[in-house]
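User: Hi! I am new to this structure and would like to get to know it step by step. Could you walk me through it?

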Amino acid sequence: LRHALESLGRDRFQDGAFVLCGIGSLIDPRLRLAGENEETRYEGPFEILTLSGTVTPQGAHLHMSIASSEGDVRGGHVVYGNVVRTTAELLLVQAAPWELLREHDAATGFLELVARRRPLKDKP
């Protein structure tokens, strides 16, 4: 799932995009929980209740909540290795004339989201 979204960020959304919502299903999903460095893997089928974030040519920052077949809900940071079980329906939106990209932030040490306004093009 994350690899597919990052491919879209490189190939189709060179100016970046917001992932406004997402639903679907996963098998054996993986999340990085708040404050943890390692991912947590859950066994079995899960429903995607929410998925949102940003994609840019430099990568993605995504959060997701999922529910087990018993209705237990978990949420966290989307990591690599999430495999779609039946479907994933996502709404991605570009914010023209804004460009979304990720740049190294000295304070955090991470690639952080930056939004830059593109100049408006003159109409002929």
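Predicted model: local features only at pLDDT ≥ 70, side-chain atom pairs only at ≥ 80, totals over all residues.

User: Which elements make up the protein chain, and in what order do they run?

Analyst: Helices (H or I, at least four residues) and strands (E, at least two) are DSSP runs, numbered from the N terminus. The protein chain has 1 helix and 9 strands. Read from the N terminus on, the order is α-β-β-β-β-β-β-β-β-β.

User: In β6, which residue is the bridge partner of I66?

Analyst: β5 and β6 (residues 73–78) pair in the antiparallel sense over 5 bridges. For I66, the bridge partner in β6 is R74.

User: Which residues have the most contacts inside the largest nonpolar core?

Analyst: A nonpolar core is a set of buried Ala, Val, Leu, Ile, Met, Phe, Trp, Tyr and Cys residues joined through side-chain atoms within 4.5 Å. Buried means under 20% relative accessible area, exposed over 50%, and partly exposed in between (1.4 Å probe, protein chains only). The largest such core has 18 residues, and those with the most contacts inside it are L51 and M64. At least two residues of this core come from each of β1, β4 (45–56) and β5 (59–67).

User: Leaving aside neighbours within four places in sequence, what is L51 in contact with?

Analyst: Its partners include L1, L5, V19, L20, C21 and G22. Among the others are L62, H63, M64, V78 and L90.

User: Is S25 buried or exposed?

Analyst: S25 lies in strand β1 (residues 17–27). Leaving aside neighbours within four places in sequence, S25 is in contact with residues including F46, I48, V84 and T86. Because its relative accessibility is 1%, S25 counts as buried.

User: What accessible area do the residues of the nonpolar patch on the surface have together?

Analyst: Like charges are joined within 9 Å, and nonpolar side chains (Val, Leu, Ile, Met, Phe, Trp, Tyr) within 5 Å. Accessible areas come from the Shrake-Rupley method with a 1.4 Å probe; for residues, only the protein chains shown count as cover. The patch is formed by F18, L20, L91, V93 and L113, whose accessible area together is about 390 Å².

User: Where is P97, and what is the peptide bond from A96 to P97?

Analyst: P97 has its place in the loop between β7 and β8 (98–104). With omega near 5°, the peptide bond from A96 to P97 is cis.

User: What is the phi of D28?

Analyst: D28 lies in the loop between β1 and β2 (30–32). With a relative accessible area of 22%, D28 is partly exposed. Although D28 is not a glycine, its phi is positive, at about 50°.

Terms used
Residues numbered from 1 in each chain as written. Heavy atoms only, no water. Contact = heavy atoms within 4.5 Å. Patch = residues over 30% accessible without salt bridge, like charges linked within 9 Å, V, L, I, M, F, W, Y side chains within 5 Å. Salt bridge = Lys/Arg side-chain N within 4 Å of Asp/Glu carboxyl O. Pairing = 2+ DSSP bridges.
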